[in-house]
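Visitor: I am new to this structure. Please show me how to read it, one feature at a time.

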Amino acid sequence: MAMGERVEDPGGIKVGPSDPRYPALRRGYNPRWYADPAYVRLVASPQQAREALQQAVDEAGHDSGEGEVRDRITVRSGGHCYENFVCSPDVRVIIDMSLMNRIYPDPEKDAICIEAGATNADLRKQLYLKTGKVLPGGSCATVGVGGHVPAGGFGLLSRQFGLTVDYLYAVEVAVVDDAGKVRLVTATADSTGVLGDLWWAHTGGGGGNFGVLTRLWFRHLPDAPRHVLLTAGGWKWNSIERESFAQIIANYGGFFDRHRGGEDDPFAALFGILLLTHRSKDTIGLIAQLDADIPHAEELMNRFLREIGQDLGVERHALAHAYGEYPALVGLHAPTPLPWDQVDKLFGGTDNTRAGKHKSAYMRGPLPERHVEALWTALAGEHPAIKRDAVVQIDSYGSAINRVAAGETAASQRDSILKLQHQVYWPVSVNGDDQLRWIRELYRDMYRDTGGVPVNAPYASAAAPTDGCYIGYPDVDLSDPVWNTSEVPWSTLYYGADYSRLQDAKRVWDPRNVFHHRQSVRV
C-alpha cells in the first residue's frame, strides 16, 4: 500500500516496518530502548488482545527473514519501563494497549473498570471527572495503568489512601495455556485457588509476567480531596555545605520516622518529595502536598516546613527553574490551596528526549550516615565544572500504605517510611557510559556494607534499615554479580519472601514462559 502496511483484522491494527507509525511504536518512553519487531499490534478490546496474542503465539519460531528467530512477545500500556523489557532486539511482536483507555462503572461487578491502556492523565480526566474518585497512583501523566498497577503503583495520595493495588478487585488477563491456546480469564479478590493466585500476582508482581492484562476493576476508591495544599521550594546549592546537606536529609527522614502514619497522626496524609539534585543544578528541591480539608492543614504544612528546615542556617527558596522535572511548580513557595483537578497540570513528568537510568531503595528508617556520605560525594564531590542531569528523589512512604499487612498483596514492602529513586539522564546524542558509571558507583557506595544493594529484612539490620527495591523501577544491575555482591538475588530484592508464590502462579498461568524478560518471574 502507498501509505504502508495498515492491516486491520480481529487482532486489531497491525503496524509493520513500512508504516509511518512504526518508528514511534518501536520504542518506549525512554529513547534508550528500541525494538525492531516484525509488527506492532494496536488493540482496542479484550477480544482483539486475545486474538492478537493467539496469532503471535501461533507464529512463534518463524524465521525473521534474516537468519534470526526473535521469540519475545511483549506488552506495552504507557511505555515507561525503565529497562528494555518491552523494547529490545529480541522482540518479535509488541502488543500495544494504548487504544484501550476507557474508564466506566461496571454495575455487574459493583466496581469501576479501567482498561489497561488508560494513563494517569486518563484517570484524572475520566475517573475524577466522571465519579469524583481517585486511584492513588503516580503523577507522571503518560504512565499506563497496565504497568503501573501490577507493580504496586503509588503516588502523592498514597500516604493518605494507600497503594493502587489496595483497591484492586479484579483483573482480566489473556493467558496462554500449555497447548498454546489463548483465553481471557477474570480473577477477583474473592477467587480462591489458582484464580486467586492470578489476582494476587497482579497486586505487586510486576507487569509482563503472566499474560496480557486487559482490564482492571477497583472497588471502594476514595473520594478526591476537594483541595490540596501544595508547596515547592528548596535550598540554593551555593549555600549548602556538607553539614547542612546532611541535616536536610536527617530532618526529612526523621520527620517521617516520627510520623509513620497511625490513623490518629495529624500528618498521616502529608506526602513529601525531597529532590537531592547534582550540585551543577541550582537548587535542592522540596515538594509537599496535604489534603486542605484536614483540620489545621495550613498549620500542619507550615510545621512540616519548619521542622525540615530546622538547624540548617540556610534559607529556603522558591524552586528554581534549573531543576526541570516539575517546571510548572517554579515559584510555588508558600503553601497554596489548589482544586484537586488542577494538581495534575503541575506534575507532567520528564520529557522523553533524554535517555536515562534509574535505581531504587525502600527505607524502614532514616538514611544512615554512610548513605548520606555517599550521596554527598556523588552529588557535590565532583569537579565544579562537571554538569550532571541527576537527582536522588526521596519520596515519603508509610502511613496508609503500611496498614496493609505484608503478604496480603504481592507488594511486600509494607513497613518502609521512605522510597528512593536514583536517576541520571543524558542526551540521546551521547552514549551515556559516564552517566551509567556515575549512578552505578553511587548506588554501590551507598549500600557498600550490604553488597552494593539495599537488601531486605532479614538480611538488613537496624543499622542498615533497607528493604529491597521497587519492581516498578526495574534495574538489571541487580542481577549482575559485578554490582550485586550481596548473594541476595534480584527476585528477593523485589519480592521478599513472596517470590515462590509468584513462581507458582507463573507455572499455572504462563507454563510456556511466553512472557519473559531479563527479570521476569522464573518458572
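Guide: Start with pockets. A pocket is an open set of grid points with protein on both sides within 12 Å along at least five of seven lines, and its lining residues have an atom within 4 Å of a point. Keep in mind that this is a predicted model.

Visitor: Which residues lie nearest the centre of the largest pocket?

Guide: They are Gly-28, Tyr-29, Arg-76, Gly-78 and Gly-79. The lining of this pocket has 16 residues. Its volume is about 270 Å³.

Visitor: What is the volume of the second largest cavity, and which residues lie nearest its centre?

Guide: The volume is about 220 Å³. Arg-124, Leu-135, Gly-137, Gly-138 and Trp-340 lie nearest the centre, out of 19 lining residues. By class, that lining has 11 nonpolar, 5 polar and 3 charged residues.

Visitor: Which helix gives the most to the lining of the second largest cavity?

Guide: Helix 3 does, with 5 residues. Helix 3 spans 120-131, and helix 9 spans 340-343; each supplies at least two residues of that lining.

Visitor: Next, the cysteines. What is a disulfide?

Guide: A disulfide is a covalent bond between the sulfur atoms of two cysteines. To count as one here, the two sulfur atoms must be within 2.5 Å.

Visitor: How many disulfides does the count come to?

Guide: The count is 0. Take Cys-87: its nearest cysteine sulfur belongs to Cys-81 and is 8.6 Å away. Cys-87 is buried, at 3% relative accessibility.

Visitor: On to the rings. How do I describe a pair?

Guide: A pair of aromatic rings is described by the distance of the centres and the angle of the planes. This model has 19 aromatic pairs. One of them joins Tyr-470 and Tyr-473, with 4.7 Å between centres and 85° between planes.

Visitor: Is the pair of Tyr-470 and Tyr-473 stacked or edge-to-face?

Guide: Edge-to-face. An angle over 60 degrees puts a pair in that class. Tyr-470 is buried at 4% relative accessibility, and Tyr-473 is buried at 11%.

Visitor: Why does the pair of Tyr-495 and Tyr-499 count as stacked?

Guide: Because the planes of Tyr-495 and Tyr-499 are at 5°, and under 30 degrees counts as stacked. The ring centres of Tyr-495 and Tyr-499 are 5.9 Å apart. Both Tyr-495 and Tyr-499 are buried.

Visitor: Which residues do ring pairs link into a cluster?

Guide: Tyr-82, Phe-154, Tyr-362, Tyr-397, Tyr-470 and Tyr-473.

Visitor: Where does the charged end of Lys-419 sit?

Guide: Over the ring of Tyr-473, 6.0 Å from the ring centre. Lys-109 likewise lies over a ring face, that of Trp-217, at 4.4 Å from the ring centre.

Visitor: Now the backbone. Which peptide bond is cis?

Guide: The one from Ala-457 to Pro-458, with omega near 10°. Pro-458 lies in the loop between helix 11 (433-446) and helix 12 (490-495).

Visitor: What is the phi of His-220, and where is His-220 found?

Guide: Phi is near 60°, a positive value in a residue other than glycine. The residue is in the loop between strand 10 (212-218) and strand 11 (227-236). His-220 is exposed, with a relative accessible area of 70%.

Visitor: Is His-296 buried or exposed?

Guide: Exposed, at 59% relative accessibility. His-296 also has a positive phi, about 60°. The loop that holds His-296 runs between strand 13 (283-291) and helix 8 (297-309).

Visitor: Last one. How far apart are Leu-418 and Tyr-252 in sequence and in space?

Guide: They are 166 residues apart in sequence and 9.6 Å apart in space, C-alpha to C-alpha. Leu-418 lies in strand 18, residues 418-427. Leu-418 is buried, at 1% relative accessibility.

Key: Residues are numbered from 1 along each chain as its sequence is written. This is a predicted model: local features need pLDDT of at least 70, side-chain atom pairs count only at pLDDT 80 or more; totals for chains, interfaces and linings use all residues. Side-chain values use heavy atoms; hydrogens and water are left out. Buried means under 20% relative accessible area, exposed over 50%, partly exposed in between (1.4 Å probe, protein chains only). Rings of Phe, Tyr and Trp (its six-membered ring) pair if their centres lie within 6.5 Å; planes under 30 degrees apart count as stacked, over 60 as edge-to-face and the rest as tilted. A charge sits over a ring if NZ of Lys or CZ of Arg is within 6 Å of the ring centre and within 35 degrees of the ring normal. On a 1 Å grid over the protein atoms alone, a cavity is a set of points where a 1.4 Å probe fits but cannot get out, and a pocket is an open set with protein on both sides within 12 Å along at least five of seven lines; lining residues have an atom within 4 Å of a point. Grid points are joined across faces, edges and corners, and a volume is the space filled by probe spheres set on the points. Helices (H or I, at least four residues) and strands (E, at least two) are DSSP runs, numbered from the N terminus. Ala, Val, Leu, Ile, Met, Phe, Trp, Tyr, Cys and Pro count as nonpolar, Asp, Glu, Lys and Arg as charged, and the others, Gly among them, as polar.
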